[in-house]
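Please keep the model in view while reading.

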Amino acid sequence: MASPRTITIVALSVALGLFFVFMGTIKLTPRLSRDAYNEMKRAYKSYVRALPMLKKMGVSSILLRKSIGALEVACGIVMTLVPGRPKDVANFLLLLLVLAVLFFHQLVGDPLKRYAHALVFGILLTCRLLIARQPEEQPPEKRMLSVNGEEQPLIHEAAPEKGKMKVS
């Protein structure tokens, strides 16, 4: 049976991955929701206006929106389907992306209700990354002592801890 840690990591990975695939797709195409797509277009225009440095670098609102959307879709797919270390890399990239989006929201003075989802998903990405990076706890090995040909547990491991009762 899978450990609770593994179940938590898989559940968070799939949920977060699907969310970011959905949000990235909304940024890329109006097929899922025309209203949400138009809102994203408007929001990214305000982000580029608030950061004239982006305009000087040749980054238009369309390029910014589409690159962030594509990165969200790619990382979301990795988080959902790809096992191992690439999930952690995708998790980290999405966390950086969420921080950038939070910065953009603060820059244009959006109210909290417009970026609350980014805060929540940033916290979930952080939790998933912290849980995934912790080493798996291994049960302590029973060390045995051979006495007169019989295996017996070491004295300090055989006795219950002080204040705890051993129940069989």
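A residue is called buried when its relative accessible area is under 20%, exposed when the value is over 50%, and partly exposed in between, using a 1.4 Å probe and protein chains only. Of the 168 residues in this chain, 32% count as buried.

The model is predicted: local features need pLDDT of at least 70, side-chain atom pairs count only at pLDDT 80 or more, and totals for chains, interfaces and linings use all residues. Residues are numbered from 1 along each chain as its sequence is written, and side-chain values use heavy atoms, with hydrogens and water left out.

The pLDDT, which is the predictor's confidence in each residue from 0 to 100, has a mean of 86 over the chain, and 83% of the residues reach 70 or more. Confidence is highest in helix 4 (residues 61-81), with a mean of 95, and lowest in helix 7 (residues 155-158), with a mean of 53.

Helices (H or I, at least four residues) and strands (E, at least two) are DSSP runs numbered from the N terminus. The chain has 7 helices and 2 strands, in the order α-α-α-α-α-α-β-β-α along the sequence.

**Helix 2 and helix 5**

Two packed helices are described by the angle between their axes and the distance between the axes. Axes here are lines fitted to C-alpha atoms, for helices over the stretch in contact, and angles run from 0 to 180 degrees between N-to-C directions. The axes of helix 2 (residues 34-50) and helix 5 (residues 85-108) come within 9 Å and cross at roughly 75 degrees. That makes helix 2 roughly perpendicular to helix 5, a label for angles of 65 to 115 degrees.

Contact means heavy atoms within 4.5 Å. Tyr44, Ser46, Tyr47 and Ala50 of helix 2 meet Val101, Phe104, His105, Leu107 and Val108 of helix 5.

**Two buried residues**

Serine 61 lies in helix 4, and leucine 54 lies in helix 3 (residues 52-56). Both residues count as buried.

| Residue | Relative accessible area |
|---|---|
| Serine 61 | 14% |
| Leucine 54 | 10% |

Leaving aside residues up to four places away in sequence, serine 61 touches Tyr44, Lys45 and Val48. With the same exclusion, leucine 54 touches Val48, Val59, Leu64 and Phe104. Leucine 54 and leucine 64 are 10 residues apart in sequence, and their C-alpha atoms are 9.0 Å apart in space.

Key:
Parallel < 35°, antiparallel > 145°, perpendicular 65-115°, else oblique.
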